[in-house]
Number of protein chains: 4
Amino acid sequence: MVTTDTAPSRPRRADATRNRAALVAAARRVFERDGYVRARITDIADEAGVAHGSFYSHFEGKQEIFAAVMAEVEEEMLHPGPALTAAGGDPVAVIAAANLAYLEAYRRNARLMALLEQVATVDEDFRELRLQRTAAFLARNARAIRRLQRAGLADQELDADLASLALSSMMSRSAYVAFVLGRAPGGPGVPADIDRLADTLTRLWVNALRMTE
Amino acid sequence: MVTTDTAPSRPRRADATRNRAALVAAARRVFERDGYVRARITDIADEAGVAHGSFYSHFEGKQEIFAAVMAEVEEEMLHPGPALTAAGGDPVAVIAAANLAYLEAYRRNARLMALLEQVATVDEDFRELRLQRTAAFLARNARAIRRLQRAGLADQELDADLASLALSSMMSRSAYVAFVLGRAPGGPGVPADIDRLADTLTRLWVNALRMTE
Amino acid sequence: MVTTDTAPSRPRRADATRNRAALVAAARRVFERDGYVRARITDIADEAGVAHGSFYSHFEGKQEIFAAVMAEVEEEMLHPGPALTAAGGDPVAVIAAANLAYLEAYRRNARLMALLEQVATVDEDFRELRLQRTAAFLARNARAIRRLQRAGLADQELDADLASLALSSMMSRSAYVAFVLGRAPGGPGVPADIDRLADTLTRLWVNALRMTE
Amino acid sequence: MVTTDTAPSRPRRADATRNRAALVAAARRVFERDGYVRARITDIADEAGVAHGSFYSHFEGKQEIFAAVMAEVEEEMLHPGPALTAAGGDPVAVIAAANLAYLEAYRRNARLMALLEQVATVDEDFRELRLQRTAAFLARNARAIRRLQRAGLADQELDADLASLALSSMMSRSAYVAFVLGRAPGGPGVPADIDRLADTLTRLWVNALRMTE
DNA sequence: AATGAATGAGGTTTCATTCAT
DNA sequence: TATGAATGAAACCTCATTCAT
């Protein structure tokens with residue numbers, strides 16, 4: 001493999017980049033382990049093998065490095081994998097693919113999704129961020145539902161916005177309960193069987209929208 | 001000096017009872033205002049008009065007084081109102097009544113429900129508590145779904161436990177988004193119209209379980 | 001000796017008073033030793049034999065405890081001793097008495113006067129305070145000069161305000177140089193001979209205002 | 001490798017000289033703006049548009065660059081202008097000229113004079129420096145007074161050293177109050193009228209030494 | 001010499017908890 | 001039990017100084 005490693009770029013910039021990356025990686029680990037509230041800058045720096053002071057060369061505080069961590073997660077969440085696009089013309093297949101992709105992405109980043117949830121309850125700025133994401137998610141689903149209604153493929157009686165709220169909630173919360181709370185308590189070992197959960201959710205979507213008739 | 005134990009031991013109890021109550025009430029206010037993490041014992045005592053030291057005569061710490069606050073809320077959440085029982089034989093009506101009751105209770109205690117959510121992300125013990133509640137909620141709904149399936153009133157293909165997980169999630173998260181996040185963003189002013197939300201949720205339940213056929 | 005030690009006053013208030021006093025006394029020592037800028041809250045608390053945290057039960061910060069120290073000094077500076085009033089009708093004797101009293105008070109609190117000077121260069125609030133004191137001092141001397149001018153006892157050509165500025169400056173700075181800088185460098189051991197300094201200053205006042213003619 | 005010391009060593013000197021000058025100029029600005037204590041090496045380097053590390057190529061620390069700044073001021077303070085020498089034989093005219101020159105020089109560098117005052121309260125080395133200057137100033141004035149006394153032009157009763165202390169103090173402190181504290185508080189706008197202040201000071205000198213008789 | 005990131009000692013402040021009265 | 005000051009463990013953040021490039 002050929003890399004541009006030889007390029008000298010700028011003198012000390014190498015250390016800087018390395019340290020910044022080390023801090024973000026360490027922060028991710030510490031946040032996952034201790035939660036946002038209990039995580040200490042000290043620990044993040046230690047974990048990164050970096051002096052405390054160096055932290056402040058790169059981030060203003062806990063908030064900022066958390067944002068950096070979430071930015072990384074963001075990307076991971078946004079790569080739905082090829083399945084979604086390959087779904088072809090069948091609307092049910094599209095939903096099934098989207099649901100499975102969502103669950104898989106959620107499972108991959110479960111700890112950090114839970115974290116964002118926590119941070120949103122504690123920090124005003126992240127509350128806002130999470131709100132915007134939720135809104136975007138709801139809007140997208142509402143659009144999809146309206147499209148199906150217009151095509152005569154979904155229950156016309158439903159208020160698309162409220163249905164989107166409800167079904168989006170079903171998705172996100174189910175994933176949260178399944179992957180963060182660890183297992184569906186009192187039920188089957190859900191996390192072990194992501195496909196069955198995805199199937200059920202898809203069937204519920206389809207039923208709920210009355211796409212079958 | 002010798003006193004007769006029977007009578008004079010009570011007088012101080014008046015102060016004690018009063019202070020305890022004042023602390024719980026103050027704690028509720030402070031928790032709602034500042035959230036669990038930021039709430040300080042100091043503030044709770046101040047808000048209650050009680051010396052800091054007195055706090056520890058009644059509670060071991062923040063955790064314990066929070067439990068006391070939640071115990072109060074518990075009762076409010078558990079009084080479903082008469083509607084539910086009066087629903088008679090119609091299963092759809094039962095679901096509709098239960099859903100409305102749930103939303104109303106949630107709305108009444110939205111701040112504290114959000115709080116419990118927050119605390120669960122921060123405190124191991126409350127995580128457990130919340131888990132148990134969630135499990136109970138899921139179990140109850142799973143039982144109901146199975147009953148309907150057995151009666152031929154619900155989609156037999158559905159895994160009752162997973163369906164319960166999904167539909168229960170839909171309920172709790174929708175309520176959270178609507179009443180805690182303030183308004184369904186990008187949609188109609190949901191909180192203003194609890195009845196429409198309840199109707200939509202009920203319709204989705206009914207559709208999802210295919211109770212209409 | 002009889003004291004009111006027996007008076008119980010309020011329960012724990014005794015400790016509080018004692019600690020506050022200990023902190024102020026300790027602060028005075030630390031400030032005199034290290035100067036305002038280098039003095040550390042830590043050292044003040046240690047020197048007072050009090051926990052760091054207790055400092056903040058009594059003062060908001062370094063600024064505030066410094067103000068408390070200066071308030072004590074204030075009183076000492078304001079007790080001119082009996083000499084001043086006993087001066088009788090002779091204006092020269094009044095000036096002589098006032099000058100001596102000023103020098104003695106200054107010498108007694110030399111370290112802290114120097115300190116105030118330092119703090120004024122560093123802290124906006126104290127700059128203001130010092131300014132007001134200086135203004136009061138100038139105004140008082142300007143009034144005295146005008147009185148003498150009106151009585152035909154002082155050079156009518158002099159601008160009373162500017163003369164006050166000049167002569168007041170002469171007093172305060174001479175005291176500073178003599179008692180703070182330690183000794184009049186290149187001259188006689190001034191601090192050892194406060195009376196000769198007072199005599200010279202008085203003679204200069206009298207000459208400068210032409211009170212002798 | 002052996003190099004000829006004469007020529008090739010200079011090329012880099014261009015950067016060096018430029019940076020050193022930039023740092024001194026920046027330091028002056030920062031010191032005037034923030035005072036010695038609050039001024040940060042960081043800010044000086046930033047203000048000079050130079051890397052932090054470069055600072056230490058030229059100076060050992062804040063102390064040293066402050067000395068460099070003061071060395072510049074020194075020169076400005078020491079150029080009395082031609083007026084002084086032109087005063088001719090009249091002693092009063094000499095004093096008047098010297099006083100005006102002093103006030104003008106002080107006003108020109110008021111900020112930095114105040115700064116030196118501040119630094120002297122904080123830093124042992126500069127305390128010493130300031131002391132020496134003061135001593136030199138006092139000694140010069142004491143010599144002048146003795147000369148006048150010997151010539152029968154000044155009050156023989158005065159202790160020349162103490163009189164020098166007093167009158168020198170009058171000059172320096174009046175200038176400080178007028179130009180640093182901003183205005184003679186409670187009096188006329190002194191800084192606006194440097195000539196009247198100079199006249200008054202001169203008249204007070206003349207009177208104080210009884211040069212008129 | 002210039003660069004600019006790394007280092008880490010150091011001081012402030014907060015607040016849960018204790019404890020003598 | 002109430003009181004409220006004392007306690008002291010944390011944790012944060014700053015900034016002078018170093019150092020590899």
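**Close-up views of the predicted model**

**View 1. Surroundings of DNA strand F.** In this predicted model, DNA strand F is surrounded by 38 residues, the closest being Ala51(B), Gly53(B), Ser57(B), Asn19(C) and Gly53(C). By type, the residues of the surface near DNA strand F comprise 12 nonpolar, 18 polar and 8 charged.

**View 2. Helices that form the surface near DNA strand F.** Chains A, B, C and D each have helices that supply at least two residues of this surface. From chain A these are α2 (41-48) and α3 (52-58), and from chain D likewise α2 (41-48) and α3 (52-58). Chain B provides α1 (11-38) and α3 (52-58), while chain C provides α1 and α3 (52-58).

**View 3. Contact between chains C and D.** Chain C brings 44 residues to the contact and chain D brings 45 residues. On the side of chain C that touches chain D, at least two residues each come from α1 (13-38), α6 (110-122), α7 (124-150), α8 (160-180) and α9 (194-208) of chain C. Of these helices, α8(C) gives the most, with 11 residues. The residues on this side of chain C divide into 24 nonpolar, 11 polar and 9 charged.

Key:
Residues are numbered from 1 along each chain as its sequence is written. Chains are lettered from A and ligands numbered from 1 in the order in which they are written. This is a predicted model: local features need pLDDT of at least 70, side-chain atom pairs count only at pLDDT 80 or more; totals for chains, interfaces and linings use all residues. Two residues are in contact if their C-beta atoms, placed from the backbone, lie within 7 Å. Helices (H or I, at least four residues) and strands (E, at least two) are DSSP runs, numbered from the N terminus. Ala, Val, Leu, Ile, Met, Phe, Trp, Tyr, Cys and Pro count as nonpolar, Asp, Glu, Lys and Arg as charged, and the others, Gly among them, as polar. A residue is near a molecule or strand if its C-beta atom, placed from the backbone, lies within 6 Å of it.
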